[in-house]
Amino acid sequence: MAAASLDLQGLLARLDPTADVAQRHIWLIDVFDWLRGDRASPQAAVGRVSLLLDAVEARPELRGRLRAWWRAFTQAVDLTTLLADYGFAPRTAFVSELTERLRRKILPGTPETTDASDLFRMVLPGAFDAGWIALLDDAQLARIGNLLADAALDDDGAPRWRHTVMDAVTYCSSQVVAAGFSPELRLRMSAASESRAFHALMSDLDALREQMFRAPRDEDALQAAFLAFRDRLDACRASASSVYTHLEDNGISVGLVFRLRQLRERVLRIRELLDCLISPAPAPSVARLVGRLVLAGGERNSIRALIASNSSMLAAKVTERSAETGEHYITRDRASYLQMVRKAAGGGALTALTVLLKFGIYSLALSAFWSGLWSGLMYAASFVAIQLLHLTLATKQPAMTAPAMAARLRDIKTDAAVADFVDEVANLVRSQVAAVLGNVGLVVPAMLALALLVQFALGRPLLDAAHAAATLQSLSLAGPTAVFAALTGVLLFAASIVGGWTENAFVLHRLDSAMRYNPRIGAFLGAARARRWATFMRTHISGFASNISLGLMLGLLPAFAGFFGLGLDVRHVTLSAGQIAAAAASTGMAVLQQPALWWAVAAIPVIGALNVSVSFYFAFRLALRAHSVSLGDRARIRSAIWARWRSRPISFFLPA
């Protein structure tokens, strides 16, 4: 304690209200460094605040110097920039905002500044400061207010700090009005909620300012003006919130969501500033505001927070559209379960033809890139054909169904809601099992039949002995097959992201309406055909984007990985089962005695499980982020799923 007092005495001796801007700000930074100490605990910092107050109050001369210093500080530094704008991102572009945050982290700041935001960032840089500020009691806050009480009044006789706070409210309100008047938001507000609240906000603020600084003050009139402005502010916030309904129905824009979040945060900042003005004892409100500013500054400077916020908006952008598509892949009764098996069987039969074409492309001995490109285009065409024939490819489902599942987590607070969600999990897993069994169950006999047909037509096996052996060896469970299967699950998830993003862009930019009503398109296609094409593309655009992107990724990834010497490959359960069947048919009955066949067969369930689980895991995590599901709710869901597995495991495989 003695050492702390000596340090404090040295700090107080350096207090000089006539020093230049840089020296005054350096002293302020040093004072707060002393208050933080070793950051062992916030309570220790609060104790140091008491030491500082005792030392200043014991010496009238020092108290006078501190007030003079504070007067010089508030005259040189514009505090309205701190109160109105600190913590808000001025730009919507992710790259430019990331660059700005990196610049602030890498380049040092200077205390020679009149920008209150830059100085605040150096004086109160972290969440620890918000912690000890929140622990200050009313008595300490009152002592701080008395020490910094500015005897200088403005021309109307009101304390200067009230004018500063009211100016900050004005600047914040103008930003709210500007956002509400922007065409991106204004044109998307629902007609029912558009009460022209933004038009009257500034006039209500003028009325509040007039009552705030009227002498003598009429408390009843001030309270009425405050309530009118607060209600108008709430009406503005409600009008802006109606845009979310439009986004859910017409596509999500990251830029729009960013503006809506900024508008909401500015409304909250205005409420906090008004608390400081209206409260009869403003010190606690000021302390809460300073603590919020500290946290807002930390959030504003954090690269991790930027990435998390941006990924949350992107997640919502993608998953809202994918959730609609994913509902079609979940079976809930025996009839839909059998229908899923039939559709998957058809997809497996068509995949057998895809495997045959793949071996045909490889027989051309093209370079790695061209072989991968033509294989990717062939995969894409096959996947699109499966889509248009209303068949099913099992591994395409998980990444699409995950957002549909996560959408059910919005209201998960009750045990009944958790039980309903577990039922949906069982329905989903059962649907995936049916789809995989249908795919693999028919691709094998179909591929055997095609291989025998080719052998009968050409007079030789589909694959020679070396290529058949190499195929079985490459698909062996003893090799890196599991790793490649997990990588393929990531590609399946990535394809669903492409599909969700494309559909969202299609809906957001109203391309279906453009196809239906654009005069040039109508003149070229005819009105009736244009309507049919618009409906067709609106229905299938997500599937086209995801299927084409998946096909190209499956074909080109090995070529690009080989260019960098990585040796990566893909393992898709239906395609792999077809390749094993082709290699077995080309080898003949003797293959049944070869361990390589059985190692490859053993890999099929592993490939299927990893394809499905990895793609579903990433898609589900993305959807959870989009819906902001808490960690506590996630733990409840996991416990409920494990309880269902222990009590009724058969429900995950067969319908009731």
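Start by selecting Gln-23, which is found in helix 2; helices here are DSSP runs of H or I with at least four residues, numbered from the N terminus. You are looking at a predicted model, in which local features need pLDDT of at least 70 and side-chain atom pairs count only at pLDDT 80 or more, while totals for chains, interfaces and linings use all residues. Residues are numbered from 1 along each chain as its sequence is written, and side-chain values use heavy atoms, with hydrogens and water left out.

Gln-23 is partly exposed, with a relative accessible area of 45%. On this scale, buried means under 20% relative accessible area, exposed means over 50%, and partly exposed lies in between, for a 1.4 Å probe and protein chains only.

Now select helix 8, residues 127-134. Which of the residues of helix 8 are buried? They are Phe-128, Asp-129, Ala-130, Trp-132 and Ile-133. Contact here means heavy atoms within 4.5 Å.

Next, pick Thr-80 in helix 5. At 6% relative accessibility, Thr-80 is buried. Leaving out residues up to four places away in sequence, Thr-80 touches Asp-85, Thr-164, Asp-167, Ala-168 and Tyr-171.

**Aromatic stops**

Time to display the aromatic side chains. Rings of Phe, Tyr and Trp (its six-membered ring) pair if their centres lie within 6.5 Å; planes under 30 degrees apart count as stacked, over 60 as edge-to-face and the rest as tilted. By this rule there are 13 aromatic pairs. Take Tyr-86 and Phe-120: their ring centres are 5.2 Å apart and their planes lie at 70°, so this pair is edge-to-face. Tyr-86 sits in the loop between helix 5 (80-85) and helix 6 (94-106), and Phe-120 in helix 7 (residues 116-123), so the pair ties together parts that are 34 residues apart in sequence. Tyr-86 is buried at 4% relative accessibility, and Phe-120 is buried at 9%.

Then jump to Phe-536 and Phe-544, whose ring centres are 5.8 Å apart with planes at 50°, so the pair is tilted. Phe-536 is partly exposed, with a relative accessible area of 28%, whereas Phe-544 is buried at 15%. For one more aromatic view, select Trp-27, Trp-69, Trp-70 and Phe-73, which form one cluster.

Move to Glu-272, placed in helix 14 (residues 254-278). Is Glu-272 buried or exposed? At 15% relative accessibility, Glu-272 counts as buried. Its side chain makes a polar contact of 2.6 Å with the side chain of Arg-292. A polar contact is a pair of N or O atoms within 3.5 Å; within protein, one must be able to donate a hydrogen and the other to accept it, and residues adjacent in sequence count only if both atoms are side-chain atoms. Setting aside neighbours within four places in sequence, Glu-272 is in contact with Leu-289 and Arg-292.

**Three loops to check**

Zoom in on the peptide bond between Ala-215 and Pro-216: it is cis, with omega about -5°. Pro-216 belongs to the loop between helix 12 (197-212) and helix 13 (219-250).

Ala-365 has a phi near 55°, a positive value in a residue other than glycine. You will find Ala-365 in the loop between helix 17 (334-362) and helix 18 (368-388), exposed with a relative accessible area of 65%.

Arg-510 also has a phi near 55°. Look for Arg-510 in the loop between helix 22 (481-508) and helix 23 (511-517), where Arg-510 is exposed at 54% relative accessibility.

**Last stop: a pocket**

Finish by selecting Val-425, Val-429, Ser-613, Phe-616 and Ile-641, which lie nearest the centre of the second largest pocket among its 32 lining residues. On a 1 Å grid over the protein atoms alone, a pocket is an open set of points where a 1.4 Å probe fits, with protein on both sides within 12 Å along at least five of seven lines; lining residues have an atom within 4 Å of a point. Helix 19 (398-406), helix 20 (415-458), helix 27 (595-627) and helix 28 (631-647) each supply at least two lining residues. Helix 27 gives the largest share, eleven residues.
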